[in-house]
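Please walk me through this structure.

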Amino acid sequence: MRRIGLGSRGMIQFVASRSQDDQPSSGFEELAMPLFNALYNFACWLVHDSSDAEDLVQETYLKALRSFASFQSGTNFRAWIFRILRNNFLSSCSKLERRMTVAMDSEEDGPELAVDTETPETILMNRFNSQLVQRAIDDLPVHYREALLLSEVEEMSYQEIGEVLSIPIGTVMSRLSRARKSVRESLLSASAAPLTRDLSHHVEAH
């Protein structure tokens, strides 16, 4: 995916210049710079628009810098700033979308579902055309899509994903299981469609 023109250092310096503080918080740039591309890629997956993703990342860095004094040293900075980006994204959604997200959260408080690091779904994702995989992921509800991306793309642990999404680990596992199942069904359906068309043409020809 396309990088933002300012680059990570330029973005942080730009955000720092817009901060209400006279100077950027000590240590923020060192922690935030390596996460720039990951945050932008995650934002692109969420909003499906590069310009909106740039705005989302810029606002994330601005809020993170202003709130950096509240960050507890020694804790997970990556989960902390990803949570800020995700909360910014949710705040930009409509009230209806937010209510749907909350409602689905409450429905998932059931038994934990086992999630393996390598599953039939992830094997399918590796084998299939990247555009088909992207379309299958894009079609997921946001609360499934973000969990899957944090796991498969950012390689976060269940605990980190739970911190980012502010949900229990059991719910993380449940969402990943359901997201992978949905992607698998979508890919299998896409692979079956050409075969069905070929058989139909063959029958018609005879």
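The model is predicted. Keep that in mind as you read the distances.

Start with helix 5, which covers residues 77-92.

Which residues of helix 5 are buried? They are Phe77, Ala79, Trp80, Ile81, Phe82, Ile84, Leu85, Arg86, Asn88, Phe89 and Leu90. Arg86 and Asn88 are in that list. An α-helix has 3.6 residues a turn, so residues three or four places apart point the same way.

Next, the core. The largest nonpolar core has 48 residues. Phe77, Ile81 and Phe82 touch the most other members. Helix 5 gives two or more residues to this core, and so do helix 2 (28-32), helix 3 (36-47), helix 4 (50-66), helix 8 (130-138), helix 9, helix 10 and helix 11. Take Ile81 as an example. Leaving aside neighbours within four places in sequence, Ile81 is in contact with Leu35, Leu39, Thr60, Tyr61 and Ala64.

The structure holds 11 aromatic pairs. Phe28 and Phe77 form one of them: the ring centres are 6.2 Å apart and the planes stand at 80°, so the pair is edge-to-face. Phe28 lies in helix 2 and Phe77 in helix 5, so the pair ties together parts that are 49 residues apart in sequence. Both Phe28 and Phe77 are buried. Phe77 has another partner in Phe68: here the centres are 6.2 Å apart and the planes are at 75°, so this pair is edge-to-face as well. Phe68 is buried too. Phe28, Phe36, Tyr61, Phe68, Phe71, Phe77 and Trp80 form one aromatic cluster. Tyr61 is also one of the contacts of Ile81.

Now turn to charge. How many salt bridges does a search of the whole structure find? It finds 4.

Begin with Glu160 and Arg78. Their closest N and O atoms are 2.8 Å apart. Glu160 lies in helix 10 (residues 158-165) and Arg78 in helix 5, so the bridge ties together parts that are 82 residues apart in sequence. Glu160 is buried, with a relative accessible area of 13%.

Glu146 and Arg175 come next. Their side chains meet in a salt bridge at 3.9 Å, N to O. Glu146 lies in helix 9 (residues 142-152) and Arg175 in helix 11 (residues 169-205), so this pair ties together parts that are 29 residues apart in sequence. Is Glu146 buried or exposed? At 1% relative accessibility, Glu146 counts as buried. Arg175 counts as buried at 0%. Arg86 is one of the buried residues of helix 5.

Arg180 and Glu152 make a further bridge, with the closest N and O atoms 2.4 Å apart. Arg180 is in helix 11 and Glu152 in helix 9, 28 residues apart. Arg180 counts as buried at 4% relative accessibility. Glu152 counts as partly exposed at 28%.

Last, visit two loops. Most residues other than glycine have a negative phi. His48 has a positive phi, near 60°. Where is His48? It sits in the loop between helix 3 and helix 4. His48 is partly exposed, with a relative accessible area of 46%.

Ser166 also has a positive phi, about 60°, although it is not a glycine. Ser166 is in the loop between helix 10 and helix 11. At 55% relative accessibility, Ser166 counts as exposed. This loop residue brings us back to where we began. Ser166 and Arg83 are 83 residues apart in sequence, and their C-alpha atoms are 8.0 Å apart in space.

Methods
Residues are numbered from 1 along each chain as its sequence is written. This is a predicted model: local features need pLDDT of at least 70, side-chain atom pairs count only at pLDDT 80 or more; totals for chains, interfaces and linings use all residues. Side-chain values use heavy atoms; hydrogens and water are left out. Helices (H or I, at least four residues) and strands (E, at least two) are DSSP runs, numbered from the N terminus. Buried means under 20% relative accessible area, exposed over 50%, partly exposed in between (1.4 Å probe, protein chains only). A nonpolar core is a set of buried Ala, Val, Leu, Ile, Met, Phe, Trp, Tyr and Cys residues joined through side-chain atoms within 4.5 Å. Contact means heavy atoms within 4.5 Å. Rings of Phe, Tyr and Trp (its six-membered ring) pair if their centres lie within 6.5 Å; planes under 30 degrees apart count as stacked, over 60 as edge-to-face and the rest as tilted.
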